[in-house]
Amino acid sequence: MSVSVDPTSVDPSQHHSTPVGGDGSEGAPTSPSAPARETGEELRPHAEDAFAAELAALAAQDDRPRPARWRMSPWAVATYLLGGTLPDGTVITPKYVGPRRIVEVAVTTLATDRALLLLGVPGTAKTWVSEHLAAAVSGDSTLLVQGTAGTPEEAIRYGWNYAQLLAHGPSRDALVPSPVMRAMAEGMTARVEELTRIPADVQDSLITILSEKTLPIPELGSEVQAVRGFNLIATANDRDRGVNDLSSALRRRFNTVVLPLPESADAEVEIVSRRVDQIGRSLDLPTAPDGIDEIRRVVTVFRELRDGLTADGRTKLKSPSGTLSTAEAISVVTNGLALAAHFGDGVLRASDVAAGIQGAVIRDPAADRVIWQEYLEAVVRERDGWKDFYRACREVGA
Ligand SMILES: Nc1ncnc2c1ncn2[C@@H]1O[C@H](COP(=O)(O)OP(=O)(O)O)[C@@H](O)[C@H]1O
Ligand SMILES: [Mg+2]
């Protein structure tokens with residue numbers, strides 16, 4: 001068990017795969033003494049590992065000015081997120097599909113003394129963008145605090161190793177730094193997920209950190225001062241508004257960037273197919289070459305129900321209670337591909353996505369079921385080329 005003795009001398013190699021006070025049920029993060037580095041067998045590698053080659057190429061070919069302790073310039077970070085081709089021909093895959101300006105503002109914010117708040121409805125890639133920003137700026141996306149209703153102040157500030165504390169009293173040895181404290185000490189990017197789910201008084205422990213750039217340790221009569229390069233990315237859900245709204249004092253410390261829903265069906269289809277392809281490869285699912293039509297159908301259904309209007313603008317619809325986010329479309333298609341691969345002929349068909357779509361739409365068994373049935377009868381049934389989908393949905397039994 002190695003508890004960091006002094007947060008100013010934390011071994012950077014310990015960042016990887018150190019569980020960081022994630023579930024809020026424990027007072028503070030604990031770090032395994034021998035961090036297991038990536039083996040290529042991780043179910044979900046961190047962004048900095050999954051895209052290590054792209055990040056290295058960007059850093060190597062980047063001759064623009066870098067803010068203190070940044071791995072690359074803001075311009076290169078934006079390229080990492082939005083994709084592009086480097087002078088030597090290296091292709092950087094787009095991670096985020098959306099307005100360039102949004103990414104530029106987000107990246108620039110991280111180079112200022114304001115923290116970044118990514119706001120949006122569920123499934124708009126807030127977590128995804130936050131992870132990739134931290135990976136590109138600091139080379140480490142794991143300094144993460146997961147916000148929940150039970151997140152204690154220790155998860156944001158620091159906790160104690162009680163065995164040490166009882167044996168030797170309060171000392172730097174007994175102190176367990178939070179991911180935020182470690183980011184401050186080393187000039188890195190810290191992440192706080194779902195900030196507005198955290199109780200208001202716990203949220204407010206960020207005020208001193210973000211305004212004074214210091215984290216007092218009254219028990220030791222000392223403090224940890226943030227060094228250059230430190231900043232923080234928080235994400236928050238639009239739908240959680242009013243749950244634990246940010247105090248105005250805290251909100252002033254953030255630049256807010258709202259991540260929109262994909263602006264067009266084409267953009268959303270691109271996001272879904274790109275991501276499904278990546279996930280499919282990591283799960284060893286055979287690629288489905290003709291899957292694009294089915295992806296387009298899932299996206300169309302989701303968008304029409306979300307917007308309360310058919311794509312041709314002719315028929316008004318009722319919107320179900322679920323969010324029908326891009327993220328859910330991705331999982332419906334991924335599940336469909338797995339069905340097609342394991343129980344079908346490998347081609348993604350209507351029957352592989354019907355149950356998944358229905359599950360995403362019908363969240364409230366009473367009201368949503370009626371909305372879904374109306375949509376099936378009034379829209380799906382009448383639409384050219386959608387007979388197979390109508391039949392498949394009927395078969396799952398709406
Ligand atoms: N505009 C987008 N560009 C790229 N990927 C997106 C976009 N919108 C959603 N996604 C995908 O949706 C998935 C879920 O996003 P996530 O970050 O978990 O959403 P949030 O945190 O906003 O609820 C990610 O896998 C991401 O790839
Ligand atoms: Mg999220």
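The following legends describe close-up views of a predicted model.

Local features are reported at pLDDT of at least 70 and side-chain atom pairs at pLDDT 80 or more, while totals for chains, interfaces and linings use all residues. Residues are numbered from 1 along each chain as its sequence is written, and chains are lettered from A and ligands numbered from 1 in the order in which they are written.

**View 1. Overall composition of the protein chain.** The protein chain has 17 helices and eleven strands; these are DSSP runs numbered from the N terminus, helices being H or I with at least four residues and strands E with at least two. Of the 398 residues, 44% are buried. A residue is buried if 20 or more other C-beta atoms, placed from the backbone, lie within 10 Å of its own, exposed if 12 or fewer do, and partly exposed in between. Among contacts with a separation of 6 or more, 71% join residues 24 or more positions apart, a contact being a pair of C-beta atoms, placed from the backbone, within 7 Å.

**View 2. Packing of helix H2 (residues 52-60) on helix H3 (residues 74-82).** The two helices pack at an angle of about 150 degrees, with their axes 10 Å apart. H2 is therefore roughly antiparallel to H3. Axes are lines fitted to C-alpha atoms, for helices over the stretch in contact, and angles run from 0 to 180 degrees between N-to-C directions; under 35 degrees counts as roughly parallel, over 145 as roughly antiparallel, 65 to 115 as roughly perpendicular and the rest as oblique. The crossing of H2 and H3 is right-handed, that is, the near helix is turned clockwise from the far one by less than a right angle, anticlockwise being left-handed. Glu54, Leu55 and Leu58 of H2 form the contact with Ala76, Thr79 and Tyr80 of H3. These residues comprise four nonpolar, one polar and one charged, where Ala, Val, Leu, Ile, Met, Phe, Trp, Tyr, Cys and Pro count as nonpolar, Asp, Glu, Lys and Arg as charged, and the others, Gly among them, as polar.

View 3. Glu54, Leu55, Ala57 and Leu58 are buried in H2. Seen down the axis of H2, the buried residues fall within an arc of 165 degrees, so they line one face of the helix; the arc is that of the directions from the helix axis to the C-beta atoms. They pack against helix H1 (47-50), H3, strand E2 (91-92) and helix H5 (126-138). The face turned away from the buried side carries the exposed residues Ala53 and Ala60.

**View 4. Packing of helix H4 (residues 100-110) with H5.** The axes of H4 and H5 come within 11 Å and cross at roughly 50 degrees. H4 is thus oblique to H5, and the crossing is right-handed. Ala106, Val107 and Leu110 in H4 meet Val129, Leu133 and Val137 in H5. The contact divides into six nonpolar, no polar and no charged residues.

View 5. Most residues other than glycine have a negative phi. Arg69, in the loop between H2 and H3, has a positive phi near 65 degrees. Arg69 is partly exposed, with 16 other C-beta atoms within 10 Å. Leu324 has a positive phi of about 50 degrees and lies in the loop between helix H13 (291-307) and helix H14 (326-343). Leu324 counts as buried, with 27 C-beta neighbours inside 10 Å.

How values were computed:
Contact = placed C-beta atoms within 7 Å.
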